[in-house]
Amino acid sequence: MAELGLNDHHQNEVINYMRFARSKRGLRLKTVDSCFQDLKDSRLVEETFTIDEVTEMLDGLQTVVHSEVESELINTAYTNVLLLRQLFSQAEKWYLKLQTDISELENRELLEQVAEFEKAEFTSSNKKPSSELIKPKLAPLNEGGSELLNKEITRLHEENEKLKTRLKTIETQATNALDEKSKLEKSLKDLQMIQGDQKTNITQDISELEETVSALRCQFEKTLNDSTANQKFLEENLVTTKHDLLKVQDQLSTAEKELEKKFQQTAAYRNMKEILTKKNDQIKDLRRRLSRYEPDD
């Protein structure tokens, strides 16, 4: 047997609606058949008809069938709206919000599945359904509510008991957490006291270190000042020494010039100069003589 994926109760409700729809469809088809039969009985009494007569009969039949089909389609749409209204009203009574997917109404696969379901439930046998398949109709809105309300109250009561148990567990956990918090606060105070003592010692050490650094800085500045003064003194001495050196070099050059001048004025220098002059004259004379005896080129 084909199934729609619903529980037994809902599937039986679907079967009841399909039975209602099949009944209405059968009545409407009989009405359409009667339209054609009425046309046969009332108009087809002659053997031959003109084109205009046939056209008139078909137009009349079209109007009647169109009206019947339109009426059935409208009635089917309104019937579906009423069915949805019943379902939505029951859902709203329990603060539920149902949703529909209109696109699924044209799903060929699902439509074929419904057709197979209808075929399995109805057309497999022309007999009327047995009493076992006839289920109660959809309960009115004001009936059956007490049973559902009792079930909801029972469910809420069970949920309340669970919440109470959970609350006791949470209270126990909260008490343990408070005890743990008190222990942590005491440990924190002890740690703060220890840190306070350590902070005092660290402060003293920092003060002593700052004093030592300050003393070293003063000593360094003093040493730097002394070094600067010594450097300035040495630079001044170096400049003075350079001046003295230049002065001595100038004096030495002057002395050398004076010594050379005095040497040139001595008798020995003059004699030597005369001898060199004579020797030069002799060499020039000898070269002149030699040039006479040399052959001409």
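Guide: Let's start with Phe-20, which is partly exposed at a relative accessible area of 40%. This is a predicted model, where local features need pLDDT of at least 70 and side-chain atom pairs count only at pLDDT 80 or more, while totals for chains, interfaces and linings use all residues. Residues are numbered from 1 along each chain as its sequence is written, and side-chain values use heavy atoms, leaving out hydrogens and water.

Visitor: Why is Phe-20 called partly exposed?

Guide: Buried means under 20% relative accessible area, exposed means over 50%, and partly exposed is in between (1.4 Å probe, protein chains only). Phe-20 has 40%, so partly exposed is the term.

Visitor: What makes Tyr-17 and Phe-20 a tilted pair?

Guide: Rings of Phe, Tyr and Trp (its six-membered ring) pair if their centres lie within 6.5 Å; planes under 30 degrees apart are stacked, over 60 edge-to-face, and the rest tilted. Here the centres are 6.4 Å apart and the planes are at 40°, so the pair is tilted. By this rule the count is one aromatic pair.

Visitor: How do you know which of Cys-35 and Cys-218 is buried or partly exposed?

Guide: Cys-35 has 11% relative accessibility, so Cys-35 counts as buried. Cys-218 has 47%, so Cys-218 is partly exposed.
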